[in-house]
Amino acid sequence: MSDCLFCKIIAGQIPGRFVFEDHELVAIRDINPQAPLHVLIIPRRHIATLNDLTPHDDALVGSMQRAAAAIAKEHGYADSGYRTVFNVNREAGQTVFHIHLHLLAGRGLGWPPG
Ligand code: 5GP
Ligand code: ZN
């Protein structure tokens, strides 16, 4: 998608350091962090929202969650705790329409979320 921010970051058209990458995913620090560790795990392939997933994507979403767990562990939060979140559409506050899993850690995270 030519006008997608995350496609541009993945293509290297916008500078950004990947904290993790493999053949199907990249992970970047959020530009406006909501916790001491706030990372976005993003598939290289453009998928607009969770509503657009197909059974073909099941393994991809599993890989996203496992990447989040690995990054949390790498930063020392596996035992203390962390949260992963997908925002979907307006009422959940989705602003970038290329799916991304938020990984938040490093502070007490309230429940229910706002
Ligand atoms: P959403 O609100 O769609 O769930 O999350 C989008 C996230 O992308 C937000 O937390 C926002 O701070 C982050 N973001 C927006 N633009 C950029 C950018 O250019 N670089 C990075 N690293 N994060 C961004
Ligand atoms: Zn995209």
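This is a conversation about a predicted model, working from its metal site to its sheet and then to a few single residues.

Trainee: Let's start with the metal. Which residues coordinate the zinc ion (ligand 2)?

Mentor: In this predicted model, the zinc ion (ligand 2) is coordinated by the SG atoms of Cys 4 and Cys 7 and by the ND1 atoms of His 46 and His 98, at 2.0 to 2.3 Å.

Trainee: And what is the arrangement of the four donor atoms?

Mentor: The arrangement is tetrahedral, because the angles that the four donor atoms subtend around the zinc ion (ligand 2) run from 105 to 117°. For comparison, the ideal angle for four tetrahedral donors is 109.5 degrees.

Trainee: How are the donor residues spaced in sequence?

Mentor: The spacing of the donor residues reads C-x2-C-x38-H-x51-H.

Trainee: How many disulfides does the count come to?

Mentor: The count comes to zero disulfides, where a disulfide would be a pair of cysteine sulfur atoms within 2.5 Å.

Trainee: Changing topic, what is the order of the strands in the sheet?

Mentor: The sheet is open and has five strands in the order S1-S2-S3-S5-S4, with antiparallel pairing. Its edge strands are S1 (18-21) and S4 (82-85), each of which pairs on one side only. On average, and with direction ignored, neighbouring strands of this sheet are turned by 20° against each other.

Trainee: Can we walk across it? What joins S1 to S2?

Mentor: A hairpin joins S1 to S2 through three residues, and the two strands run antiparallel with three bridges between them. Within that pairing, Glu 21 stands opposite Val 26 in S2.

Trainee: How many bridges join S2 to S3?

Mentor: Five bridges join S2 to S3, and these strands run antiparallel, with Leu 25 standing opposite Pro 43 in S3. Strand S3 (residues 37-43) also pairs with S5 in the antiparallel sense, over five bridges, and there the bridge partner of Leu 37 is Ala 105 in S5.

Trainee: Why is S2 described as largely enclosed by the rest of the structure?

Mentor: S2 is described that way because four of its five residues are buried.

Trainee: Which strands does helix H2 lie across?

Mentor: Helix H2 (residues 58-74) lies across S1, S2 (25-29), S3, S4 and S5, and runs at about 155° to S3. One of the residues found in helix H2 is Asp 58, which counts as exposed because its relative accessibility is 55%. The C-alpha atoms of Asp 58 and Lys 8 are separated by 24 Å, and these residues are 50 residues apart along the chain.

Trainee: Then Thr 49. Where is Thr 49 found?

Mentor: Thr 49 is found in the loop between S3 and H2, and at 8% relative accessibility Thr 49 counts as buried. Although Thr 49 and His 98 are 49 residues apart along the chain, their C-alpha atoms are separated by 6.3 Å.

Trainee: Which residues does Thr 49 touch?

Mentor: Leaving out residues up to four places away in sequence, Thr 49 touches Val 88, Asn 89, Gln 94, Phe 97 and Ile 99.

Technical notes: Residues are numbered from 1 along each chain as its sequence is written. Chains are lettered from A and ligands numbered from 1 in the order in which they are written. This is a predicted model: local features need pLDDT of at least 70, side-chain atom pairs count only at pLDDT 80 or more; totals for chains, interfaces and linings use all residues. Side-chain values use heavy atoms; hydrogens and water are left out. Donors are N, O and S atoms within 2.8 Å of the metal (3.2 Å for Na, K and Ca); water is not among the atoms, so sites may look incomplete. Four donors count as tetrahedral if all angles lie between 85 and 135 degrees; four count as square planar and six as octahedral if opposite donors are over 155 degrees apart and all others between 65 and 115; anything else is irregular. Two strands pair if DSSP finds at least two bridges between them. Axes are lines fitted to C-alpha atoms, for helices over the stretch in contact, and angles run from 0 to 180 degrees between N-to-C directions. Contact means heavy atoms within 4.5 Å. Buried means under 20% relative accessible area, exposed over 50%, partly exposed in between (1.4 Å probe, protein chains only).
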